[in-house]
Amino acid sequence: MDLVNHLTDRLLFAVPKKGRLYEKCIGLLKGADIKFNRSKRLDIALCTNLPIALIFLPAADIPTFVGEGRCSLGVTGVDQVKESNVDVDLAMDLLFGRCKLQLQVPENGELKKPQDFIGKTIVSSFTSLTREYFEKLEGKKDITTKIKYVGGSVEASCALGVADAIVDLVESGETMRAAGLIDIDTILDTSAHLIISKNPSHPELVNVIKSRIEGVLAAQKHVLCTYNAPRSILPTVLKLTPGRRAATVSPLEVDDWVSVSSMIERSKSGIIMDQLKEAGASDILLFEISNCRV
Ligand SMILES: Nc1ncnc2c1ncn2[C@@H]1O[C@H](COP(=O)(O)OP(=O)(O)OP(=O)(O)O)[C@@H](O)[C@H]1O
Ligand SMILES: O=P(O)(O)OC[C@H]1O[C@H](OP(=O)(O)OP(=O)(O)O)[C@H](O)[C@@H]1O
């Protein structure tokens, strides 16, 4: 296949081909200006503006490809990395795909504590992490708890009589509640991460991509706030908008007034605008930051 011949001098970057992480990951690549054309049904896409090939894989397989050094970079959940037990660098929390891996049991059942499930049957897509958990609970390697694998719709297992309890991911808790289950322990907190092989093929390019993604995340977290203020209140308003390094202060063509411009945290923008107004600032504007390098 001609496409494969084009892979030799490119950095291979594994991204989820579907599922919960797919859309967010594509958005991140777009924000980082990693451009590519993906043909229908093809799981390899050559980037058009960087020597990178994107390899679209199931999130669960990405740790193996990166762990074995087949791909230098990947995006997947910490849960998948821990489940695969591979040696990769968990380089950056991408702040999406946040959820918990939890032990869930029938809410109307008599067994309520994790210890009650020793020797019972547990169904999960995360059999290694479940085994490790029960090894700790039982205090030995040769556990009596039976651990069975299913690939999806794990939550149906108790109602179908296949499991006494399940270990599955929980975000909003809707799936768990709809299946009549409650969580009784958290095994792992997880989110999507940029993972890097221990021996990446193009280390300088890896650093460029890391820095671009850091820029996208910083841009998502911040907005640019500009406002006008009498010079006399500068000490007060600069405390509210100190900026990442320092705020930019420029003179206005009006006596003793200045214009201030500063990055502020998006989540605090409402309260900061209220406080600026109260302190005597005016013409307070917020701008989206589409990208940045910090
Ligand atoms: N409800 C959720 N909320 C947030 N992140 C999740 C959720 N479910 C899964 N994830 C994250 O997304 C990763 C991939 O899960 P997903 O269920 O999308 O897998 P998939 O098998 O590739 O896709 P699909 O379930 O569509 O076949 C998980 O390993 C986890 O890190
Ligand atoms: O707490 P919630 O917000 O309801 O999310 C949790 C559900 O999301 C995931 O499954 P997904 O819907 O991706 O499908 P799957 O069961 O086929 O893996 C996970 O396995 C849970 O079933």
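The model is a predicted one, in which local features need pLDDT of at least 70, side-chain atom pairs count only at pLDDT 80 or more, and totals for chains, interfaces and linings use all residues. Residues are numbered from 1 along each chain as its sequence is written, chains are lettered from A and ligands numbered from 1 in the order in which they are written, and side-chain values use heavy atoms, with hydrogens and water left out.

**Ligand 1**

- Around ligand 1 there are 13 residues, of which the closest are Lys18, Gly19, Arg20, Asp79 and Gln80; a residue is near a molecule if one of its heavy atoms lies within 4 Å of it.
- By class, the shell around ligand 1 holds four nonpolar, four polar and five charged residues, where Ala, Val, Leu, Ile, Met, Phe, Trp, Tyr, Cys and Pro count as nonpolar, Asp, Glu, Lys and Arg as charged, and the others, Gly among them, as polar.

**Ligand 2**

- The residues around ligand 2 are Arg20, Ser153, Glu155, Asp168, Leu169, Val170, Glu171, Ser172, Gly173, Glu174 and Thr175.
- Taken alone, ligand 2 exposes 500 Å², and 70% of that is buried by the protein.
- Two or more residues of the shell around ligand 2 come from each of β9 (165-170) and α6 (174-178), with β9 giving the largest share, three residues; helices (H or I, at least four residues) and strands (E, at least two) are DSSP runs, numbered from the N terminus.
- In the shell around ligand 2, two residues are nonpolar, four are polar and five are charged.

**Domain spans from UniProt**

- For "domain: ATP phosphoribosyltransferase catalytic", an unreviewed UniProt entry lists residues 59-214; this span is 27% helix and 30% strand, and its end C-alpha atoms lie 21 Å apart.
- For "domain: Histidine biosynthesis HisG C-terminal", also from an unreviewed entry, UniProt lists residues 219-291; here the end C-alpha atoms lie 5 Å apart, and the span is 29% helix and 40% strand.
- These UniProt positions are given in the numbering used here, the feature names are shortened, and the annotations may be inferred rather than shown by experiment.

Terms used
Areas by Shrake-Rupley, 256 points an atom, 1.4 Å probe, with all protein chains shown as cover.
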